[in-house]
Amino acid sequence: MSEETSEVRETPRRTAAVIPAAGKGVRLGPGAPKALRTLNGTPMLIHAVRAMANSRAVSLVVVVAPPDGAAEVKNLLAEHALPERTDFLVVPGGDTRQESVRLGLEALPADITTVLVHDAARPLVPVDTVDAVIEAVRDGAPAVVPALPLADTVKQVEPTADGSPEPVVATPQRALLRAVQTPQGFDRALLAKAHATVTQDVTDDASMVEQLGVQVVVVPGHEEAFKVTRPLDLVLAEAVLARRRANDGY
């Protein structure tokens, strides 16, 4: 076959989602770990797993369980209906979120090229948001985060050690700020390099990539992708689910 008529075969691009779920969620108070708290009778973790698997672009979901809770999480996944087209894997996590994500990355098959990292505490992220992040990575952005403009004015303060009122030192321009959500999407090799290079504790994976000097880009987030951290958030999440059931039969 001549070079002119030969077909150029593109290497398949497979996407996996890593969900660190090893935390205790102390801000929700005593009881089950945050990821196992229920919404409409179903653990938040299952809602988060389904949110990732609902994207047809996601072929594998890796759940990073508490170090001593992998068997429990495996049983939990087996008890709930999940999309058959998606593979699921449970691995033990570490003592920090960063370590848990790294362990999830190490468990990925070699053919995964795009990785999403998603908070188990964001159980209601719409599939359109997931797809938008994946598409941006596949279009060439090495690191992508969904985010929303801020509704509130933000003040930078000087923290006080004695609990006294904190003095304001600056008022950042709100139009330049965004509230970042998940899933965050990455080129797999880049994210692996970030986890091998950045050693200090960070609050999200995108900030690790920034420390490598790589630009992170933002795509529109969604108001329903909020993080469930306080009891009031559980009430709001239940209300969102009730509206979905009424409107979509979700």
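**Exercise 1. Work out what covers the buried residues of helix 5, and which side of the helix they sit on.**

*Solution.* Keep in mind that this is a predicted model.

Step 1: start with the cover. Helix 3 (97-106), strand 6 (112-117), strand 7 (143-149), strand 11 (184-187) and helix 6 (205-211) are among the elements lying over the buried residues of helix 5.

Step 2: list what is being covered. Helix 5 spans residues 188-197, and its buried residues are R188, L190, L191, A194 and H195. Around the axis they take up an arc of only 165 degrees, which puts them on the same side of helix 5. The general rule behind this: an α-helix has 3.6 residues a turn, so residues three or four places apart point the same way.

Step 3: check the start of helix 5. A side-chain oxygen of D187 comes to within 3.2 Å of the backbone nitrogen of A189.

**Exercise 2. Is D205 buried or exposed, and what does D205 touch?**

*Solution.* Step 1: find D205 in helix 6. Its relative accessible area is 2%; buried means under 20%, so D205 is buried.

Step 1: collect the contacts. Leaving out residues up to four places away in sequence, D205 touches R97, V101, V117, Q184, F186, L191 and H195.

Step 2: pick out the polar one. The side chains of D205 and R97 make a polar contact at 2.9 Å.

**Exercise 3. How many cavities of 30 Å³ or more does the whole structure hold, and what lines the largest cavity?**

*Solution.* Step 1: the search turns up one cavity of 30 Å³ or more. The space in the largest cavity comes to about 30 Å³.

Step 1: R97, Q98, H195, V202, T203, D204, D205 and M208 line the largest cavity. Helix 3 and helix 6 are the elements giving two or more residues to that lining.

Step 2: sort the lining by type, and you get two nonpolar, three polar and three charged residues.

**Exercise 4. Describe the second largest pocket: its space, its lining and the make-up of that lining.**

*Solution.* Step 1: the second largest pocket holds about 320 Å³ of space.

Step 1: its lining has 14 residues, with R122, A179, Q181, F226 and K227 lying nearest the centre. Strand 7 and strand 10 (178-180) are the elements that supply two or more residues to this lining.

Step 2: by type, the lining splits into seven nonpolar, two polar and five charged residues.

**Exercise 5. Where is D95, and how far is D95 from P66 in sequence and in space?**

*Solution.* Step 1: D95 sits in the loop between strand 5 and helix 3. With 75% relative accessibility, D95 counts as exposed.

Step 1: D95 and P66 are 29 residues apart in sequence, and their C-alpha atoms are 8.5 Å apart in space.

How values were computed: Residues are numbered from 1 along each chain as its sequence is written. This is a predicted model: local features need pLDDT of at least 70, side-chain atom pairs count only at pLDDT 80 or more; totals for chains, interfaces and linings use all residues. Side-chain values use heavy atoms; hydrogens and water are left out. Buried means under 20% relative accessible area, exposed over 50%, partly exposed in between (1.4 Å probe, protein chains only). Helices (H or I, at least four residues) and strands (E, at least two) are DSSP runs, numbered from the N terminus. The arc is that of the directions from the helix axis to the C-beta atoms. Contact means heavy atoms within 4.5 Å. A polar contact is a pair of N or O atoms within 3.5 Å; within protein, one must be able to donate a hydrogen and the other to accept it, and residues adjacent in sequence count only if both atoms are side-chain atoms. On a 1 Å grid over the protein atoms alone, a cavity is a set of points where a 1.4 Å probe fits but cannot get out, and a pocket is an open set with protein on both sides within 12 Å along at least five of seven lines; lining residues have an atom within 4 Å of a point. Grid points are joined across faces, edges and corners, and a volume is the space filled by probe spheres set on the points. Ala, Val, Leu, Ile, Met, Phe, Trp, Tyr, Cys and Pro count as nonpolar, Asp, Glu, Lys and Arg as charged, and the others, Gly among them, as polar.
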